[in-house]
Amino acid sequence: MKLTWNLAAWLRGFNAVVLITALGLLARLLLNVPFPLQELFNRLTQFLGIPEMFQLIHRFLGYGAGGKVFAFAGSLGLWLVLLSALGVVSAPIASLMVLAVCLWLVPFWVAVPTALVYFGVRSVLESKVMGFSDSRRSSLKWLSLGSGTLVFGGAAALARSLLPSSTPSLAKTMAGNSKLPSGITAQADFYSISKNLEAFDPKLEANNWQLEVKGLVKTKKSYSLEDLKTRPIRDLEATMVCISNAVGGGLIGNAIWTGFSLGELLLELGIEKEARYLLWRAADGYTESLPLQAALEQDVILVYAMNYEPLSQKHGFPLRVIIPGRLGMKQPRWITGIELSATDQAGYWVERGWSKDAYAQTMSRIDSPSENAGFLKAETIKEISGIAFAGNTAITRVEVSSDGGLVWRDAELLPRRSPYAWTQWRIAWTPAAGPHQLVVRAYANGVLQPETERDALPEASSGWHKFINNLS
């Protein structure tokens, strides 16, 4: 097939944008330079982060990484199509337009070199070397095929990086580790949700990381990780749940966190009388806030270890905060800065309409038998078991039904080691073969959790976990 002049122009634009994208990705991975395509993805996810849009995406794509894959595909397609279309205008004008787009997304010291590289590539492709003859058109076809392969392979690799950690199985959230107490979620199995493409989550090095404390403190100070590890150690078992967790979902885990008291650190530095709020800054640009009085509570800790192991990169190395009773969105990872302020500032998700206070809601879940246990023989099942959680409020009762709610029985509540940990429960059960509709509901300080199902956003989901198993 012969290339028309217009198609050849589009292909030259396509090859130019693929090259600047590949070079930008390389600079991002090796030198941590801002990446225009990543910033475009961030802008798109800001829009998709509005609760109404988030709920729509959940309805069609489910919870977990589906929405992020959708946003990434949209960002990549928009980036390639718009910049490829610049092939039909002259290289100088197209380069100025690339510069304008990049200035909207990244700092000028990244935008200018990107536009210059684009201009250079376009100039080469439009030179006599790549002129409009049959042989040169064939070269352009092969070059475009290579660029397309590069785009497809890179997109597939980045999309695949989104999938593993977003939706852990219910069994894994309870499996624990043989070296850890019962009911502790292993760090490798603990859920991880990020506003970023996981491939672009911060990868910080301890030797060049510092925590800066500034604002309305009498002594402004920066700390290395080694400085912080010399502080009095606190171990705290606490459950964390994501605001996006669906009824019966797996975006919840329980761990032993090791760190030090945030309140003690702030009191040592001295707090100005005008201070009312604490503002967090994270390495990925994530922001959140907390009323100062809440930040000074005894069991709010900054942590550098999880289940007696150093925090992994995906769980916030080198430092994150644990705030018992709050949803995960309120507990930033990769913290680099703390500022005390007289005024509040809406956090990353709060300014998009998500929960401001982000308190964990009462929930309960059946873990065994699982929802896909229909292949099990009835005689192999001896009990129903699971978890319940209500933030800092104690679970006082759990009721289970195996007939869709006609008859309820009280489950046994296993003792907790921490007031901030989930409650494990179990109840003996000897089912007959056939269908059984299992339902669980919990009481927090005597108050029954709501039965009405509600979407996870903007204030966390509600509803009783229920499903039908047809045992053989």
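This is a predicted model: local features need pLDDT of at least 70, side-chain atom pairs count only at pLDDT 80 or more; totals for chains, interfaces and linings use all residues.
Me: What volume does the largest pocket have?
Reply: The volume is about 520 Å³, taken as the space filled by probe spheres set on grid points that are joined across faces, edges and corners. A pocket here is an open set of points on a 1 Å grid over the protein atoms alone, where a 1.4 Å probe fits, with protein on both sides within 12 Å along at least five of seven lines; lining residues have an atom within 4 Å of a point.

Me: And which residues are closest to its centre?
Reply: Of the 23 residues that line the largest pocket, R28, N32, Q38, F200 and A283 are the closest to its centre.

Me: Which element gives the most to that lining?
Reply: Helix α2 does, with 5 residues; α1 (5-31) and α2 (36-48) are the elements that give two or more. Helices (H or I, at least four residues) and strands (E, at least two) are DSSP runs, numbered from the N terminus.

Me: Switching to α6, which of its residues are buried?
Reply: In α6, V110, A111, T114, A115, Y118, V121, R122 and L125 are buried, where buried means under 20% relative accessible area, exposed over 50% and partly exposed in between, with a 1.4 Å probe and protein chains only.

Me: Why are those on the same side of α6?
Reply: They cover an arc of only 125 degrees around the axis, which puts them on the same side of α6; the arc is that of the directions from the helix axis to the C-beta atoms. The face turned away from the buried side carries the exposed residues F108 and L116.

Me: Last topic: which strands pair with β10, parallel or antiparallel?
Reply: Strand β1 (residues 211-215) pairs with β10 in the parallel sense over 4 bridges, whereas β5 (residues 277-282) runs antiparallel to β10 and is joined to it by 6 bridges. Two strands pair if DSSP finds at least two bridges between them.

Me: How many of β10's residues are buried?
Reply: Strand β10 (residues 335-341) is mostly covered, with 5 of its 7 residues buried.

Terms used. Residues are numbered from 1 along each chain as its sequence is written. Side-chain values use heavy atoms; hydrogens and water are left out.
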